[in-house]
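Hi everyone, thanks for coming. I'd like to walk you through one model today, so please have a look at it first.

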Amino acid sequence: MNIEFENKLNVIDMHCDTITRQEVVEQGLRKADLHINLEKMMEGEYLMQCFATFIFLMDKRDTPFNLANGYMDILDSELEKNKDIISQITTLTQLADNVEKKKMSALYTIEEGGVLEGKMENLHHFYNRGVRMMTLTWNFPNEIGFPNFKLERGKEPDMTIPNVKDGLTPFGIEVVKEMNRLGMIVDVSHLSDAGFWDVVKYSDKPFVASHSNSRSVCNCVRNLTDDMIKALDEKGGVMGINFCADFISKSTEDQIPDIIRHIKHIKEVGSINCIALGSDFDGIDTPKGMSDCTKMHLLKKALEEDGFTNEEIHKIFYKNFLRVFKEVCNN
């Protein structure tokens, strides 16, 4: 199935934290005063938003599994209220149907594999709810693996040094294999360096870093090294350019040129085929120049001015992720 859009942006954003914000409950997803709402997405010419259910493992209100289901209930409700303009999808065919109906699409994702609580049946539960991508870890160790900063017993975590020692657990390896079998995209953003290489070893399908940039351009453990970018590209995966100001540069000026620097470097060490968008909107302090999702046209303009072709821009904005989605999710 070939979906072509020649005259529009048609943004696919691989990661946002919008649905876990209280403003959605209070104001509704259509008009919430956030980086992303449905009206802003329409203005930004969105094709699909990946809505992450983010769980803070130290949240004592309920279990991670129950908290995740609660947020998905909210998203279910908001999509039902706004079914005239957006619908959940799990397949490329459903996305194409939405395009025919001039509707946007929503893909359910999870940020924090701790929601599984170490139980494979919980992975199956979330698959059955329509989740098609899961970030294996956040900033805490869980049953799957470890975050990407140095951990030493009795000491505070050092978030400036990557964790090259602690990779996937035996359960984590089985989760990766089962996600491959089910048709769920493995997401390595936040995962330790050691865990990244375990995913390279154990995943038979392309995987993603849904919201990570280049560590060579901005030295931050949340970004990927050149070797990681090459491996991701060789696996047929993609990385979503993250708009978090601290992951882009130390600049206090307009950071769109710095975003372009990341994209150009990733293209050089990997290829144009491994670059996508993963804004992290509503979970970050936005960079100057990209205050919310209506500003995507400014990124497109900057890419054009830097010499990127229309085909390259289409790949970054939607085609590359659709390729991975089609291959992994059994479409």
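**A buried valine and its surroundings**

Let's start with Val 199, which counts as buried because its relative accessibility is 0%; buried means under 20% relative accessible area, exposed over 50%, and partly exposed in between, with a 1.4 Å probe and protein chains only. A word on the source: this is a predicted model, where local features need pLDDT of at least 70, side-chain atom pairs count only at pLDDT 80 or more, and totals for chains, interfaces and linings use all residues. Residues are numbered from 1 along each chain as its sequence is written, and side-chain values use heavy atoms, with hydrogens and water left out.

Val 199 sits in helix H7, residues 193-202; helices (H or I, at least four residues) and strands (E, at least two) are DSSP runs, numbered from the N terminus. What is Val 199 in contact with, leaving aside neighbours within four places in sequence? Its partners are Leu 136, Leu 168, Val 176, Val 186, Val 188, Leu 191 and Phe 207, where contact means heavy atoms within 4.5 Å.

Now over to helix H5, residues 120-128, whose buried residues are Asn 122, Leu 123, Phe 126 and Tyr 127. They lie on the same side of H5, because they cover an arc of only 145 degrees around the axis, taken from the directions from the helix axis to the C-beta atoms. On the other side, Glu 121 and Asn 128 are exposed. The buried residues of H5 pack against helices H3 (64-81) and H6 (170-182), and strands S4 (104-111) and S5 (131-135). After H5 comes Gly 130, with a positive phi near 105 degrees.
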